[in-house]
Amino acid sequence: MVAQGRRARVRQATLAEIRATARRLLIEQGSAAVTINAVAREMGMSGPALYHYFAGHEELVGAVTADFFRELTEVMEAARDEHPPGDHGPRLLATCRAMRTWAITHRPEFGWVFASPITSERRPDSPRELAGRDFEHVFLEEFAALWESRPFPVPAELDPSIRRQLQAYTASLGLGLPVEAVHVFLSCWIRLYGLLCMEVLGQLDFAYTDLEPVFEECLREIAPRLGLDYEAAAP
């Protein structure tokens with residue numbers, strides 16, 4: 001029993017080292033450098049030996065992506081929870097700002113998670129999907145609590161195509177939100193996420209050297225859509 005416990009601890013430590021090595025390669029050399037053989041070489045292992053820990057490149061990518069999701073989620077939750085439950089405006093604004101801070105200080109990791117196409121099949125029970133769902137729910141649960149306590153304005157009518165497309169997603173959330181409210185949420189998310197991706201990928205560098213005021217302007221415009229007062233970040 002003791003030997004089994006020790007083997008399990010050694011295995012977990014090796015798994016953590018593999019993921020940390022993959023992250024270092026990503027930061028130093030880019031995503032193309034993160035291969036099974038490259039990670040194994042950095043650790044002084046053979047490629048075949050590393051397959052005892054990950055079945056292949058896809059599984060390694062999923063595990064590292066899950067690490068990034070969990071790290072970002074913890075940062076966002078910590079910022080949100082500096083404000084009391086029910087104080088929805090400051091909580092949502094703090095969550096958005098924490099996401100941006102993590103993104104611009106972890107550009108390779110953000111690009112790995114959010115700016116790369118997902119080409120593999122997405123299994124609902126995979127570490128990547130579970131961690132991604134936790135990240136998504138940081139926003140969704142606060143948004144649902146806001147709707148329950150103080151419903152915000154929603155469109156009187158939706159384009160039938162938009163309604164059809166959102167019905168299944170809305171039902172899958174299990175949060176009791178109407179389709180119209182989910183449409184407002186996604187509209188806000190698209191603006192924030194789109195701006196953040198463009199900033200992290202340097203696609204607005206031709207015009208801006210500092211996008212924080214632009215991000216704040218976006219928050220200032222989104223807040224009224226959710227029936228919230230915009231509050232500037234503390235200096």
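Predicted model: local features only at pLDDT ≥ 70, side-chain atom pairs only at ≥ 80, totals over all residues.
Phenylalanine 139 is buried, as its relative accessible area is 7%. A stacked aromatic pair is formed by Trp189 and Tyr193, with 5.3 Å from centre to centre and 15 degrees between the planes. These two residues lie in helix α9 and are four residues apart, so about one helical turn separates them.

Aromatic pairs were then counted across the model. The total is 13. One of them joins Phe135 to Phe139 in an edge-to-face arrangement, with the centres 6.3 Å apart and 85 degrees between the planes. Both rings also belong to one aromatic cluster, made up of Phe69, Phe110, Phe114, Phe135, Phe139, Trp189 and Tyr193.

Once neighbours within four places in sequence are set aside, Met99 is in contact with Phe110, Phe114, Phe135, Phe139 and Trp189, along with Leu72, Met76 and Leu196.

The packing was next examined as a whole. In soluble globular proteins, nonpolar side chains tend to be buried together. In this model, the largest nonpolar core holds 66 residues. Val39, Met99, Phe110 and Leu226 have the most contacts inside this core. At least two core residues come from each of α1 (2-29), α2 (36-43), α4 (57-80), α5 (88-105), α6 (107-114), α7 (127-149), α9 (179-200) and α10 (212-222). Helix α9 gives the largest share, 10 residues.

Contact between them involves 13 residues of domain 1 and 12 residues of domain 2.

Glutamate 109 was examined as an individual site. This residue lies in helix α6. Glu109 counts as buried because its relative accessible area is 3%, under the 20% limit. Beyond residues up to four places away in sequence, Glu109 touches Arg23, Leu26, Ile27, Phe68 and Trp102.

Helix α2 contributes a further set of buried positions: Ile36, Ala38, Val39, Ala40 and Met43. Of these, Val39 is listed among the residues with the most contacts in the largest nonpolar core. Just after α2, Gly44 adopts a positive phi of about 75 degrees.

Two record annotations cover this part of the chain. An unreviewed UniProt entry places "domain: HTH tetR-type" at residues 12-72. In the model, that span is 75% helix and 0% strand, and its end C-alpha atoms are 22 Å apart. The UniProt record, again an unreviewed entry, also lists a "DNA-binding region" at residues 35-54. Residues 35-54 are 60% helix and 0% strand, with 12 Å between the end C-alpha atoms.

Charged groups over aromatic rings were also found. The charged end of Arg100 sits over the ring of Phe215, at 5.8 Å from the ring centre. The charged end of Arg220 sits over the ring of Tyr230, at 4.9 Å from the ring centre.

Val214 is placed in helix α10. Its relative accessibility is 18%, so Val214 counts as buried. Apart from residues up to four places away in sequence, Val214 touches Leu195 and Tyr208. Val214 and Ala33 are 181 residues apart in sequence, and their C-alpha atoms are 33 Å apart in space.

How values were computed. Residues numbered from 1 in each chain as written. Heavy atoms only, no water. Core = buried A, V, L, I, M, F, W, Y, C linked by side-chain atoms within 4.5 Å. Buried < 20%, exposed > 50% of the residue type's maximum accessible area, 1.4 Å probe, protein only. Contact = heavy atoms within 4.5 Å. UniProt positions renumbered as here; feature names shortened; annotations may be inferred. Phe/Tyr/Trp six-rings, centres within 6.5 Å; stacked < 30°, edge-to-face > 60°. Lys NZ or Arg CZ within 6 Å of the ring centre and 35° of its normal.
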